[in-house]
Amino acid sequence: MSLLVVGLSHRSAPVSVLERASLSADAQAKLLQDTLASEPAVEAAVLATCNRIELYADVDKFHAGVAELSTLLAQHCGVGLDELTPYLYVHYEDRAVHHLFSVACGLDSMVVGEGQILGQIKDGLARGQELHTAGRLLNDLFQQALRVGKRAHSETGIDRAGQSLVTFGLQQLSDGAEVADWAKGKRVLVIGAGSMSSLAAATVARAGAAEIAVANRTLTRAERLAEILGSGGTGVVARAVAMEEVRGELSYADLVISCTGATGLVLTAEAVEEAAGERRIALLDLAMPRDIDAAVHRLAGVRLVDIESLAEAAADAPMAADVEAVRAIVSDEVAAFGAAQRAAHITPTVVALRTMAAGVVAGEIARLDGRLPDLDDKQRAEITQTVRRVVDKLLHAPTVRVKQLASEPGGAGYADALRELFDLDPQTVAAVSRADLTELTDLKTADVKFADLKIGDLQITDVKNRGQA
């Protein structure tokens with residue numbers, strides 16, 4: 001395993017840099033394709049949220065990988081490499097695993113403990129799978145990260161350490177009042193119909209908003225979200241509007257929540273000032289880059305909470321004692337993941353050894369047929385089965401033990417030792433490494449029997465009764 005992550009987040013870079021470095025969906029796809037086309041990387045996945053961009057890759061060279069991934073990230077973010085480099089962080093192998101697991105648990109979020117990051121990790125995995133850039137390592141990594149995040153939320157009180165950005169932002173706007181009391185009866189304009197906007201709309205609907213207008217560049221998506229909100233049993237009146245109608249809707253809204261993928265401003269200070277008039281209006285900008293002009297802060301009667309102000313407020317938020325429990329979970333899961341990956345590394349060598357032994361048995365049985373041609377089928381089958389059992393028993397303990405040893409730190413050399421001791425064909429081992437071994441039993445404890453091997457194409461069969469597949 002040579003896992004490498006290069007990225008930047010709200011912890012390493014100011015909001016002004018994060019705004020400029022944001023990646024659209026198309027840019028993410030192109031970044032993944034270009035990363036896979038580069039020499040050091042054989043797998044790639046992107047984790048992109050409103051406050052982080054991270055590029056994960058399986059590389060064969062560390063220094064070349066860091067240079068290539070950093071360059072590609074800068075190219076596709078549209079920020080010069082010299083300007084971006086001071087804000088980039090790099091994690092490698094176990095540290096990279098530890099980082100992603102911490103992110104999945106909400107430990108690295110702007111609001112500690114928020115659970116929305118799990119959906120974003122899931123999206124990153126789905127994108128890598130769809131584009132065929134995520135192979136075995138990154139599939140295993142991201143899927144395990146999702147399980148670790150769910151475990152942290154179910155086994156600890158990390159949820160009490162913080163809330164989603166939506167809830168946290170609404171709390172900032174309510175100035176200490178209960179969000180449900182503050183939002184009750186309000187007319188809300190939601191701009192955008194993506195995952196964050198949908199979460200925001202559902203949150204204010206549950207909080208008692210009287211009316212929600214949903215605006216989106218694709219009107220059908222706005223209509224779908226409005227339909228879901230209206231049928232959710234909250235009593236809110238929801239309707240969809242075209243983006244061209246946003247300026248007019250501003251005149252009626254008490255609260256505006258915006259989170260789009262636009263590269264420019266959606267609401268200017270002039271438009272907000274004209275719509276607000278003598279009214280008080282609250283705005284929550286969850287987009288990166290920002291949707292609402294920062295100059296709105298200076299307008300009388302207008303309150304704007306954006307990613308930058310949320311970052312400042314979150315820095316002062318108290319940390320729950322449960323954070324330590326989550327950190328312990330992360331440490332345990334990182335160790336388990338590393339052990340599983342190391343054990344998986346030796347499996348092709350073990351399968352190649354079993355294949356070679358099966359070939360020796362087949363050759364000796366064929367030679368026996370030539371020497372004892374009068375054996376009947378029953379006798380031949382009994383002799384064959386006896387020889388297979390003898391060889392199987394001789395190899396069973398060493399192969400199980402070598403898998404256990406290989407799962408420990410520094411155990412990678414056991415595969416090399418096996419190949420050297422038994423003079424295994426490197427091409428056979430490589431062929432097994434490339435094969436899809438998802439049908440193998442648990443790599444840490446299970447053993448491959450001769451009956452499981454089909455000589456020639458290394459097909460693995462009949463594993464249903466030999467542990468967890």
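Student: What covers the buried residues of helix 3?

Tutor: Helices (H or I, at least four residues) and strands (E, at least two) are DSSP runs, numbered from the N terminus. Buried means under 20% relative accessible area, exposed over 50%, and partly exposed in between, with a 1.4 Å probe and protein chains only. Contact means heavy atoms within 4.5 Å. Here the cover of helix 3 includes strand 1 (3–9), strand 3 (52–59) and strand 4 (89–92), along with helix 1 (15–20), helix 2 (25–37) and helix 4 (81–84). This is a predicted model, in which local features need pLDDT of at least 70, side-chain atom pairs count only at pLDDT 80 or more, and totals for chains, interfaces and linings use all residues. Residues are numbered from 1 along each chain as its sequence is written, and side-chain values use heavy atoms, with hydrogens and water left out.

Student: Which residues of helix 3 are buried?

Tutor: An α-helix has 3.6 residues a turn, so residues three or four places apart point the same way. In helix 3 the buried residues are Gly65, Val66, Leu69, Ser70, Leu72, Leu73, Ala74, His76 and Cys77.

Student: How many residues does helix 3 have, and what is its reach?

Tutor: The expected span of a helix is 1.5 Å times one less than its number of residues. Helix 3 (residues 62–77) has 16 residues, and its first and last C-alpha are 22 Å apart, close to the 22 Å expected. After helix 3 comes glycine 78, with a positive phi near 80°.

Student: Is threonine 203 buried or exposed?

Tutor: Threonine 203 counts as buried because its relative accessibility is 12%. Threonine 203 lies in helix 10 (residues 195–206). Apart from neighbours within four places in sequence, threonine 203 touches Val166, Thr167 and Leu170.

Student: And leucine 421, buried or exposed?

Tutor: Leucine 421 has 69% relative accessibility, so leucine 421 counts as exposed. Leucine 421 belongs to helix 17 (residues 413–421).

Student: Which strand pairs with strand 5?

Tutor: Two strands pair if DSSP finds at least two bridges between them. Strand 5 pairs with strand 6 (residues 211–216) in the parallel sense, over five bridges. Leucine 189 stands opposite alanine 213 of strand 6. Strand 5 (residues 187–191) is mostly covered, with four of its five residues buried.

Student: How many helices and strands are there in the protein chain?

Tutor: The protein chain has 18 helices and twelve strands. Of its 469 residues, 50% are buried. Among contacts between residues at least 6 apart in sequence, 73% join residues at least 24 apart.
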